[in-house]
Amino acid sequence: MARVHSDTQGVASAGSRLAARNLRLAYDKRVVVDDLSIDLPDGGFTIIVGPNACGKSTLLKALSRTLSPQSGAVLLGGKPIDSYRSKAVARELAMLPQSPIAPEAITVRDLVGRGRYPHQGLLQQWSHADETAVAAALASTGCEELGERFVSELSGGQRQRVWIAMVLAQQTDLLLLDEPTTFLDIAHQFEVLELCAQLHVEGRTLVAVLHDLNQAARYATNLVVMKAGQIVAQGKPGEILTAALVEDVFGLPCVIIADPVTGTPMVVPQAGRAQR
Ligand SMILES: Nc1ncnc2c1ncn2[C@@H]1O[C@H](COP(=O)(O)OP(=O)(O)OP(=O)(O)O)[C@@H](O)[C@H]1O
Ligand SMILES: [Mg+2]
């Protein structure tokens, strides 16, 4: 566990810039996560996996201050995240929710431009830096051609890439992405994962929820496995991803082999034999 100092300067003082301590997360009386603590390694690419409804999105909502914990705290730079102004948090941390909702009749360029709001003051005009950030975000997600289209008229996969562009335009050190590859075809899934890996190499801190265990094992520097609101395993994929763990967490008998491309663990389900 990281050391946490109290620090009146407000600079990074925890072992990790983003951490959670003894979180209890609930929707009214339905407790989803209880007594969960985690340090998201600075500069790491953390990938969270776990069965449907185990609390992955709930945890990401708390880490991004979208959901207030019933008890415990999320720490940003060693200080409770709710002690910051919301714009200050948004300059540090960008969040892609699992099911984002776009304002009506908005174009792609305007939606991606919304990612710039934490960088703008009350009287500040749209700047050259804003323009450059939006153009770079559209380019890196392959959305340049979509700029003038209405978001409501895009395919599911196109829309997902536009949301990722909006998050990138925010230009934060920390990125929280809830299922960023949902709706994407396999080539676009890997395009997004490669983009995440590139951001990681450039020094950003990423936290993503994924369902594909093999993709998670390829890209995670820190794999977090959740079950029923708890973290049951955490570490390098090659050190923690075993057949016993997958069977325990997902109830899926499998064998683990080495991924022929990367050598990382590859989960091969023991299913599909009945059809033969
Ligand atoms: N807004 C909400 N109000 C009430 N209950 C909720 C709400 N959002 C989630 N839940 C409940 O909290 C639990 C955890 O949901 P969560 O969305 O965190 O799961 P998840 O691990 O992200 O699942 P998935 O893989 O399906 O996205 C579920 O039982 C869900 O029904
Ligand atoms: Mg979810």
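Helices here are DSSP runs of H or I with at least four residues, strands are runs of E with at least two, and both are numbered from the N terminus. The model is predicted, so to speak: local features need pLDDT of at least 70, side-chain atom pairs count only at pLDDT 80 or more, and totals for chains, interfaces and linings use all residues. Residues are numbered from 1 along each chain as its sequence is written, ligands are numbered from 1 in the order in which they are written, and side-chain values use heavy atoms, with hydrogens and water left out.Helix H1 gives the most to the shell around ligand 1, namely four residues. That shell holds 15 residues (a heavy atom within 4 Å of the ligand), with Ala-53, Lys-56, Ser-57, Thr-58 and Gln-98 the closest. Two elements supply two or more residues each: strand E2 (30-40) and helix H1 (56-63).

Tyr-27 places a polar side-chain atom 3.5 Å from a nitrogen atom of ligand 1. On its own, ligand 1 has 640 Å² of accessible area (Shrake-Rupley, 1.4 Å probe), and the protein covers 66% of that.

Elsewhere, Ile-164 is part of helix H5 (residues 156-169). Ile-164 counts as buried because its relative accessibility is 5%, the cut-off for buried being under 20% (1.4 Å probe, protein chains only). Beyond its neighbours within four places in sequence, Ile-164 is in contact (heavy atoms within 4.5 Å) with Leu-96, Thr-141, Pro-180 and Val-192.

Key:
Buried < 20%, exposed > 50% of the residue type's maximum accessible area, 1.4 Å probe, protein only. Polar contact = N/O pair within 3.5 Å; in protein donor to acceptor, adjacent residues only side chain to side chain.
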